[in-house]
Structures are given as structure tokens and as C-alpha cells.
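Subject: Handover of a structure for your review

Dear colleague,

Please find below the structure that I am passing on to you, followed by an account of what was found in it. I would be grateful if you would read the account with the structure open beside it.

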Amino acid sequence: MTNGSAAQAPDREYQEFLNEGRFVIQKCGACGAYQFAPRVLCTSCGSDALAWQDASGQGVVYAATTICQKPERGGDYSYVLVELDEGVRMISTVLDRPPLDVAVGLPVVAEIEAGDPARVVFRGVEGAA
Ligand SMILES: [Zn+2]
């Protein structure tokens with residue numbers, strides 16, 4: 001792997017997009033694969049022809065667990081692996097349901113939670129599960 005100065009750290013670029021209110025993932029211009037987390041090279045074919053593309057924001061919970069925290073520290077929350085429609089998976093949380101109600105297969109939609117840094121969080125799709 002090269003470490004050329006021309007390539008900006010992709011995770012930093014990703015965060016800058018998020019801070020501007022855009023949730024993007026990488027798409028390879030050579031083989032068409034999507035990938036997340038951001039990397040310098042395509043994990044499928046090794047190409048560096050990666051472009052940012054707005055994520056659909058649609059996905060399903062692929063795995064879920066509950067992180068237990070004292071109420072004064074924010075209380076329990078879900079810790080999920082979401083598979084986006086693009087086929088990539090990312091770790092996040094589902095905000096609008098009790099952690100124990102966040103089950104594998106739950107359809108979710110992404111939103112950007114402002115903050116420093118901003119982050120991608122999910123909500124359960126209305127009427128599901
Ligand atoms: Zn590729």
C-alpha cells in the first residue's frame with residue numbers, strides 16, 4: 001500500500017461530508033463494488049478509482065446487541081451492525097426503539113446526528129417489527 005500525499009485520508013473525507021450533512025460511501029470505478037469503512041483502495045479489486053456516492057440510507061439490522069449504561073450516563077442503547085442496501089455494513093445505533101426491540105432484520109433508515117463529530121444513526125422504519 002502506498003502512502004502518497006495526494007490521497008487525503010478517506011476516513012477524514014468521509015467525516016467532512018458528514019459534518020456537511022451528507023452520508024456518503026465509496027464506490028469503485030473499476031469493479032463497481034461499494035465499500036465501507038472508507039479506504040484508499042478497493043477491497044474487491046485493489047483499484048484506487050474510488051468515488052464518493054450518496055448512500056441510500058436504507059438498510060436492515062444485520063446484528064444487534066444492547067450496551068448497558070447507567071441512566072445518568074445516557075441509559076442503555078442498541079449497538080447494531082446495519083447492512084445498507086448497497087451491501088456494505090456499518091456499526092451504529094438505532095435511536096427510536098428500546099434496545100431490546102431492535103431485532104435482526106429490522107428495516108432501518110439512516111440519519112445524520114449533528115455533533116462534533118457528526119455521526120450516522122438509524123431509526124426503525126415505521127410499521128416494521
Ligand atoms: Zn474495485
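In strand E8, phenylalanine 122 is the bridge partner of alanine 110. The model is predicted, and for that reason local features are given only at pLDDT of at least 70 and side-chain atom pairs only at pLDDT 80 or more, whereas totals for chains, interfaces and linings use all residues. Residue numbers start from 1 along each chain as its sequence is written, and side-chain values rest on heavy atoms, with hydrogens and water left out.

Strands (E, at least two residues) and helices (H or I, at least four residues) are DSSP runs, numbered from the N terminus. Two strands are said to pair if DSSP finds at least two bridges between them. E7 covers residues 107-113 and pairs with E4, residues 58-67, in the antiparallel sense through three bridges. Within that pairing, valine 109 of E7 stands opposite glutamine 58. E7 is also joined to E8, residues 119-124, by six bridges, again antiparallel. Here isoleucine 112 faces valine 120 of E8.

A hairpin of five residues leads from E7 to E8. Proline 117 lies in that loop, and the peptide bond that reaches it from aspartate 116 is cis, with omega near 5°.

**Valine 120**

Is valine 120 buried or exposed? Its relative accessible area is 7%, so valine 120 is buried; the term means under 20% relative accessible area, with exposed meaning over 50% and partly exposed the range in between (1.4 Å probe, protein chains only). Contact means heavy atoms within 4.5 Å. Leaving aside neighbours within four places in sequence, valine 120 is in contact with Tyr14, Leu18, Phe23, Met90, Ser92, Ala110 and Glu111. Glutamate 83 is 37 residues away from valine 120 in sequence, and their C-alpha atoms are 13 Å apart in space.

**The zinc site**

Which residues hold the zinc ion? Its protein donors are the SG atoms of Cys28, Cys31, Cys42 and Cys45, lying 2.3 Å from the ion. Donors are N, O and S atoms within 2.8 Å of the metal (3.2 Å for Na, K and Ca); water is not among the atoms, so sites may look incomplete. Along the chain the donors follow the spacing C-x2-C-x10-C-x2-C.

The arrangement is tetrahedral because the four donor atoms subtend angles of 106 to 114° around the zinc ion. Four donors receive that label if all angles lie between 85 and 135 degrees; four count as square planar and six as octahedral if opposite donors are over 155 degrees apart and all others between 65 and 115, and anything else is irregular. For reference, the ideal angle for four tetrahedral donors is 109.5 degrees.

Cysteine 28 is buried, with a relative accessible area of 3%, whereas cysteine 31 is partly exposed at 40%.

**The three-stranded sheet**

An open sheet of three strands has the order E2-E1-E3, with antiparallel pairing. E2 and E3 are the edge strands, each pairing on one side only. E1, residues 24-28, is joined to E2 by two bridges, and lysine 27 stands opposite tyrosine 34 in E2. The loop between E2 (34-35) and E3 (50-54) contains alanine 37. The peptide bond from phenylalanine 36 to alanine 37 is cis, with omega near 5°.

**Domains and the whole chain**

The chain is divided into domain 1 (4-54) and domain 2 (58-124), with bounds that come from an automatic or database domain assignment. Twelve residues from domain 1 and eleven residues from domain 2 take part in the contact. The two domains bury about 900 Å² between them, 76% of it on carbon and sulfur atoms; buried area is the accessible area (1.4 Å probe) that two parts lose on being put together, summed over both. Leu18, Phe23 and Phe36 supply 52% of the area that domain 1 buries against domain 2, more than any other three residues.

Overall, the chain has one helix and eight strands, in the pattern α-β-β-β-β-β-β-β-β along the sequence. Of its 129 residues, 33% count as buried. The C-alpha atoms fill a box of roughly 45 × 30 × 25 Å along the principal axes.

With kind regards
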